[in-house]
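Work through the exercises below with the sequence and the model open. Each task is followed by a solution in steps.

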Amino acid sequence: MIAQVLISGVLSGALYAMVALGLALIYGVMRVINIAHGPLLMLGAYTTYFLYSRAGMNPFLTVPVAMAVLFVVGLLLQRTLVFRVVDAPELSSLLLTFGISIALVNLAQLAFTSDLRAVEFITGAWVVGGLALSKPRFIAFLFAAAVTTLAFLFLKFTRLGKAIRATSQSREVALVCGINVARIHLLTFGLASALAAGGGALLAVIVAIQPEMGGVWTFKSFLVIVLGGAGNYPGALFGGLLLGLVEQLASLFLTTQLSEVVAYLLLVVVLIVRPTGLLGGRST
Amino acid sequence: MTLTRGPVLAVLALAVVALCVYPAFGTGYGVRSTLQIFMWIALAGSWNLISGLTGYVSFGHVAFFGIGAYAGAILITAAGWSWPIAALGGGVAACVLALVIGYPCLRLKGPYFAISMLGLNEVLRALVSYFEGLTGGGNGLSLPTLDATRSIYYVMGALAVAVTAVTYLIITSRFGLRLMTIREDEIAAEAMGIDTFRHKLVAFLISALGPGIAGALTARDQGYIEPISVFPLAITVTMIVMVLFGGKGTVWGPVLGAIALFVIQEIVWARYPYVHPLLFGAIIVAVVLAMPRGVLGLLQLKYRLPRTI
């Protein structure tokens with residue numbers, strides 16, 4: 001039973017880590033918490049749904065397409081709206097991205113209606129040694145792990161990735177080193193939106209899609225960042241896995257209904273005990 | 001043009017008298033709409049107390065409204081309290097919740113508070129569904145039949161006046177100045193010796209009281225509550241839009257925003273129900289970028305009105 005929970009926890013944890021990495025990047029680089037992160041994930045899920053139902057694409061192959069589409073959406077949002085509040089007080093950036101999030105959810109409601117949609121591509125489970133491995137969740141896990149690995153390699157080894165990390169360490173020093181900070185901001189927002197969209201595309205195969213599905217993901221991504229430590233990008237991996245495990249344990253010992261309550265309690269406890277994250281990280 | 005105190009007070013007194021006698025003449029629809037406006041003034045004014053004054057954005061203020069509604073309804077049905085006392089109980093319940101959330105989250109700077117409030121709503125909804133025995137779960141909770149709309153009209157009106165008066169008292173006090181110092185520069189505020197945590201927490205507790213009472217009153221007035229009717233994100237969004245539109249951090253901004261948006265909503269947007277939440281999102285974006293001080297801010301600039309209104 002415990003082994004089953006561990007597996008389920010790791011499977012959903014990888015998705016959490018991937019989506020949260022996007023939020024962590026924007027926060028690290030621009031000090032902006034993007035409330036619209038969840039709704040961007042929702043748009044990614046719809047991209048997959050339409051490519052699957054209208055064009056008959058294999059939903060797993062739509063992941064890069066959804067990421068590319070939302071990369072562009074992210075660039076546009078940053079270029080037109082978000083760049084104006086990067087240096088403004090926190091109140092402005094929170095409210096602005098909140099407004100964007102409300103607008104996106106309601107646009108989706110107008111355009112796609114609030115009907116539940118599902119991508120029924122692959123169902124069932126593999127049974128390995130008495131343990132059930134849900135097929136869609138396992139494949140989604142592989143994709144999430146691959147995308148997250150690629151994102152980390154990009155951040156670690158490429159010039160652009162290094163420029164992003166430099167900007168998040170110190171914008172002034174990055175500027176002095178000749179990094180075009182405004183372009184890095186643009187790129188970061190696009191990349192973060194793409195990560196959210198990738199999460200949404202994978203989620204589309206697992207759960208039902210509807211315009212309000214994203215809201216809880218903004219919160220969960222933030223929780224993952226807090227667990228791992230704000231500004232500590234590998235911390236997102238740790239936080240994602242931890243959240244996945246805690247939620248699965250909660251639904252085993254309590255009920256599924258209360259797993260969100262447990263996640264919330266986790267946030268409150270961490271904020272009391274170790275606000276800089278369980279792994280440590282940049283202090284607030 | 002500068003306003004003098006006398007005429008302003010005269011107009012206000014006249015408005016109060018008119019609203020007091022209105023239920024004797026008004027139609028049922030008119031009284032109900034005015035009651036709703038009172039509620040929105042109280043809600044928007046309360047959101048303004050924490051977010052407009054300290055700059056700590058509360059994305060979950062509807063949680064206080066909802067918990068007030070449930071506490072009030074349970075006190076009326078299970079404990080048999082009369083509704084005015086139960087309404088106070090709703091306010092107390094909201095304050096207790098604010099203490100529980102504010103204590104860990106307001107000690108920290110940055111977005112922790114905002115996001116914690118964002119998640120709070122879902123948690124309360126889940127808890128209400130879980131404790132079915134007490135709350136009725138998804139089936140909701142019915143209150144005994146009682147036509148008290150007229151009495152609730154006066155109590156809600158008094159609540160709206162009280163929230164606005166408290167806002168005025170705070171903004172013109174040293175306590176309010178300290179809150180606004182936290183908003184402008186929290187580190188500087190600390191360096192000046194302000195106990196920022198305690199100030200934020202007190203402001204947050206006061207800002208939870210009004211929505212708690214308003215929630216209990218609304219529960220009594222409607223006679224039936226369920227999780228989706230008292231915990232919708234839309235209530236938080238509406239509070240935020242009203243305050244931003246009217247002018248955050250001011251006394252009259254929330255009042256102005258509540259009246260203006262409620263009237264617009266009733267007259268125009270009720271015909272296009274799907275477009276109107278979209279417009280709310282657009283209004284937030286537009287106000288943040290183009291007129292951060294809201295309509296009242298524009299009026300203050302144009303007519304040289306005092307900053308403390």
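**Exercise 1: the core**

Task: Find the residues with the most contacts inside the largest nonpolar core.

Solution. The largest nonpolar core has 192 residues, and those with the most contacts inside it are A:Ala197, B:Met156 and B:Ile284. Helix α1 (residues 2–30) of chain A gives the largest share of this core, 16 residues. A nonpolar core is a set of buried Ala, Val, Leu, Ile, Met, Phe, Trp, Tyr and Cys residues joined through C-beta atoms within 7 Å. Buried means that 20 or more other C-beta atoms lie within 10 Å of the residue's own, exposed that 12 or fewer do, and partly exposed is in between, with C-beta atoms placed from the backbone.

This is a predicted model: local features need pLDDT of at least 70, side-chain atom pairs count only at pLDDT 80 or more, and totals for chains, interfaces and linings use all residues. Residues are numbered from 1 along each chain as its sequence is written, and chains are lettered from A and ligands numbered from 1 in the order in which they are written.

Next, take B:Ile284. Leaving out residues up to four places away in sequence, B:Ile284 touches A:Leu95, A:Phe98, A:Gly99 and A:Ile102, and also B:Ile240, B:Val241 and B:Leu244. Contact means C-beta atoms, placed from the backbone, within 7 Å.

**Exercise 2: the chain contact**

Task: State which element gives the largest share of the side of chain B that touches chain A.

Solution. The contact takes 33 residues from chain B and 34 residues from chain A. On the side of chain B, the elements giving two or more residues are α4 (83–105), α5, α12 (233–246) and α14 (275–290). The largest share, 12 residues, comes from α5(B). By class, this side has 25 nonpolar, six polar and two charged residues.

**Exercise 3: a helix pair across the chains**

Task: Describe how α9(A) packs on α5(B).

Solution. Helix α9 (residues 215–228) of chain A and helix α5 (residues 112–130) of chain B pack at about 130 degrees, their axes 10 Å apart. That angle makes α9(A) oblique to α5(B); angles under 35 degrees count as roughly parallel, over 145 as roughly antiparallel, 65 to 115 as roughly perpendicular and the rest as oblique. A:Val216, A:Thr218, A:Phe219 and A:Phe222 meet B:Ile115, B:Leu118, B:Gly119 and B:Glu122.

**Exercise 4: one residue**

Task: Is B:Val100 buried or exposed?

Solution. B:Val100 lies in helix α4 of chain B. B:Val100 counts as exposed because it has 12 C-beta neighbours inside 10 Å.

Note on methods
Axes fitted to C-alpha atoms, helices over the stretch in contact; angles between N-to-C directions. Helix = DSSP H or I, 4+ residues; strand = E, 2+ residues; numbered from the N terminus. Contact = placed C-beta atoms within 7 Å. Nonpolar A, V, L, I, M, F, W, Y, C, P; charged D, E, K, R; others polar.
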